[in-house]
Amino acid sequence: MASITDCVVEGLKYPFNDIKKLLGLGVLFAIINLLSMFFAMNTFDMYRVVIHVLENTTVPLSSLNMSIIPSANIYTAVGITIVGLIVGLFILGYQYNILSFSIDRKDDLPGFGDVVDIFVKGIKYFIVSVAYNLPAMIVMAAAMMFLDNLTVMSVLMVVSFVLLVIGYFLLVMALNNMVAHDSVGKAFDFREIIDNISNLGWGKYIGTILFTVIVFMIINVAVGLVLSLLAVAFAAVIINQAFAVSIFIGVIEALFVSPYCAVFFNRVCGSIYRESIK
């Protein structure tokens, strides 16, 4: 049985097996990053319109309606959201295939040929992820209803955090179980999920995930530091072009870092499942 270190090291090497496919995934992350930037700009424009109206009228904010916001901004926000959701689901579908390739011990990276199949798998991945985080989100929403009672709100927030952690550890195995059987129902077969974790050992299971998360964070912090230094260097050379610098740094991060981390993490998660069914 492979050790925790073996699983993580193999996962770190795996993305380099096909740089072209890795960059293909990076293009999708770059699109997401660009859409996020333009959505932020569009939101700022809408906010500026509302502030301008408030500064020139005595009407309270609660009495204002959507008509004060230019329809172009609203349509743009909706359009960006829809496109972002589609691209996001495609990324999740690709991660689904990474899990599948890892479980089957395939050394190559999945392709992008069957767009519809990847998209459908992305929907499955999304549904299961939301379902496992739903209890924590419900409790968190309930906590927000007790802003005037700090004690109750604090207790509910702690409960929400605990549910989030428990849900996350179960989600990793649930996604793998779904992928292995190509069935959404298997993501909620709690008896099989618990049995798989027990086969591997709860200590090793949780330890591998925590170690993977730590490595994941170290990579992001290290790269984030390098990109921040690059941003400062570019800002010093390119005067008054902060947005252009942000786009450049965002694209670089999306093309290389985000896809690498996504492939690495899902590869290790797939390896965890493969070890649990031996």
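Author: This is a predicted model. Ring pairs join Phe 90, Tyr 94 and Phe 112 into a cluster.

Reader: How many aromatic pairs does the count come to?

Author: Eight aromatic pairs. One of them is Phe 216 with Phe 265, which is edge-to-face, at 5.9 Å centre to centre and 75 degrees between the planes.

Reader: Which helices does that pair link?

Author: Phe 216 is in helix 7 (residues 202-237) and Phe 265 in helix 8 (residues 242-276). The two are 49 residues apart, so the pair links distant parts of the chain.

Reader: Is Phe 265 buried or exposed?

Author: Phe 265 is buried, because its relative accessible area is 16% and the limit is under 20%. Phe 216 counts as partly exposed, at 28% relative accessibility.

Reader: Switching to helix 4. What length does it reach, first C-alpha to last?

Author: Helix 4 reaches 40 Å with 29 residues, close to the 42 Å expected at 1.5 Å a residue.

Reader: Where is the kink in helix 4?

Author: At Leu 134, shortly before the proline Pro 135, and the kink is about 45 degrees.

Reader: Which residues form the nonpolar patch on the surface?

Author: Ile 123, Phe 126, Ile 127, Val 130, Leu 134, Met 137 and Ile 138, with about 580 Å² of accessible area together. Met 137 lies in helix 4 (residues 115-143) and is partly exposed at 43% relative accessibility.

Reader: And which residues of helix 4 are buried?

Author: Among them are Ile 118, Gly 122, Tyr 125, Ser 129, Tyr 132, Ala 136 and Val 139.

Reader: Why would residues three or four places apart point the same way?

Author: Because an α-helix has 3.6 residues a turn.

Notes
Residues are numbered from 1 along each chain as its sequence is written. This is a predicted model: local features need pLDDT of at least 70, side-chain atom pairs count only at pLDDT 80 or more; totals for chains, interfaces and linings use all residues. Side-chain values use heavy atoms; hydrogens and water are left out. Patches are made of residues with over 30% relative accessible area and no salt bridge: like charges are joined within 9 Å, nonpolar side chains (Val, Leu, Ile, Met, Phe, Trp, Tyr) within 5 Å. Accessible areas come from the Shrake-Rupley method with a 1.4 Å probe; for residues, only the protein chains shown count as cover. A salt bridge is a side-chain nitrogen of Lys or Arg within 4 Å of a carboxyl oxygen of Asp or Glu. Helices (H or I, at least four residues) and strands (E, at least two) are DSSP runs, numbered from the N terminus. Buried means under 20% relative accessible area, exposed over 50%, partly exposed in between (1.4 Å probe, protein chains only). The expected span of a helix is 1.5 Å times one less than its number of residues. The bend at a residue is the angle between axes fitted to the seven residues ending there and the seven starting there. Rings of Phe, Tyr and Trp (its six-membered ring) pair if their centres lie within 6.5 Å; planes under 30 degrees apart count as stacked, over 60 as edge-to-face and the rest as tilted.
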